[in-house]
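The remarks are meant to be read with the model open.

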Amino acid sequence: MPAQSTKVKPASAALRRGQPTIQPKKPKPAAKASKTKVGRAKARIDPFMAAAIADARKGLAEGGIPIGAALERKGELVATGHNKRVQNGDPVTHGETDCLRNAGRIGSYRGCTLYSTLMPCYFCAGAAVQFGIRKVVVGESRTFAGAPEFMREHGIEVIDLDLPECYEMMAKFIQERPELWNEDIGVD
C-alpha cells in the first residue's frame, strides 16, 4: 500500500502564522515481553541452553551434581553431557568434558559454541582453550565464579546469562549437599 503524503508547512512558518503543525505518526511500540508474577520479563532460553539444563537435571536425578553442557555447531546440537563425578567415581567427568567426550572426534571445534549451566572451572576452561572453542555461553556464575578471565585471555567470548533457573538449581543443591559440592570444587 503506498504511503499517503501530507503537505506540511515548515514548522517555523506555521508557528509564525499560529497554525498547528502536523506531526508524523509515531510507530506502534513493539510487543512487550510477557511478565512473570514478580514483574520481570520472561527470558526465552535458547534450545542449546535448554539442552544443557535438561542434562543438569538428569545428573541430579542420578544422584550427581547438577551441571549440564551442550555443544552447538552451525545451529545444530552436536552433543550434551553432565557432571558424572559421583555416578562414575571419576574426578574428571565434569559436565563440559562429558559433553566434549560425547561429541567425539568432530574435526575442528573452532566453529562450536559450548553451553554450560555453570561457569566452567579452570579444568573445563582449559579444555575449551585446548580445542579452540571461541564462544562459551553460561547459565550462571553466582554460585561458582569459575574461570571467565582465563577464557577471555585466550580469546574465548564468554557470555554469562545469569539465568534464575540455573542459579536456583545450583544454590538448592549446594544448600542440600554442601559436602559433595565442596568435594567437587576441591574445598576441604
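1. Aspartate 184 and its contacts. In this predicted model, aspartate 184 touches Ile65, Ile67, Asn83 and Arg85, leaving aside residues up to four places away in sequence. Aspartate 184 is found in helix α8. Its relative accessibility is 12%, and because buried means under 20%, aspartate 184 counts as buried.

2. Arginine 85 is placed in helix α3, which covers residues 85-88. Is arginine 85 buried or exposed? With a relative accessible area of 13%, arginine 85 is buried. Residues up to four places away in sequence again being left out, arginine 85 touches Asp90, Pro91, Thr93, His94, Glu183 and Asp184. Along the chain, arginine 85 and glycine 95 are ten residues apart, and their C-alpha atoms are separated by 9.1 Å.

3. Composition of the lining. Which helix gives the largest share of the lining of the second largest pocket? That share, three residues, comes from α8. Helices α4 (95-103) and α8 (178-185) each supply at least two residues of the lining. Sorted by class, the lining of this pocket has nine nonpolar, three polar and two charged residues.

4. The chain as a whole. The protein chain has eight helices and five strands. Read along the sequence, these elements follow the pattern α-α-β-β-α-α-β-α-β-α-β-α-α. Of the 188 residues in the protein chain, 38% are buried. Among contacts between residues at least 6 apart in sequence, 52% join residues at least 24 apart.

5. The sheet. Five strands form an open sheet in the order β2-β1-β3-β4-β5, and the pairing is mixed. Strands β2 (76-82) and β5 (157-160) stand at the edges; each has a single partner strand, so one side of each is left without a neighbour in the sheet. From one strand to the next, the twist averages 15°. Helix α2 (residues 47-61) lies across β1 (68-73), β2, β3 and β4, and runs at about 25° to β2.

6. Strand β3 and its neighbours. Strand β3 (residues 112-116) and strand β4 (residues 135-138) run parallel and are joined by four bridges. By contrast, β1 and β3 run antiparallel, and five bridges join them. Individual bridge partners can be followed on both sides of β3. Tyrosine 115 has valine 137 of β4 as its bridge partner, and serine 116 stands opposite valine 138 in β4. Serine 116 is also the bridge partner, in β3, of alanine 69.

7. Burial of β3. Why is β3 described as largely enclosed by the rest of the structure? Five of the five residues of β3 are buried, so the strand is largely enclosed by the rest of the structure. Cys112, Leu114 and Ser116 point one way from β3, while Thr113 and Tyr115 point the other way, and all are buried.

8. Backbone angles to check. Most residues other than glycine have a negative phi. Lysine 74 has a positive phi near 55° and is not glycine. Lysine 74 lies in the loop between β1 and β2 and is exposed, with a relative accessible area of 76%. Aspartate 162 likewise has a positive phi, about 45°, although it is not a glycine. Aspartate 162 is placed in the loop between β5 and α7 (164-176). At 36% relative accessibility, aspartate 162 counts as partly exposed.

Conventions: Residues numbered from 1 in each chain as written. Predicted model: local features only at pLDDT ≥ 70, side-chain atom pairs only at ≥ 80, totals over all residues. Heavy atoms only, no water. Nonpolar A, V, L, I, M, F, W, Y, C, P; charged D, E, K, R; others polar. Pairing = 2+ DSSP bridges. Axes fitted to C-alpha atoms, helices over the stretch in contact; angles between N-to-C directions. Contact = heavy atoms within 4.5 Å. Buried < 20%, exposed > 50% of the residue type's maximum accessible area, 1.4 Å probe, protein only.
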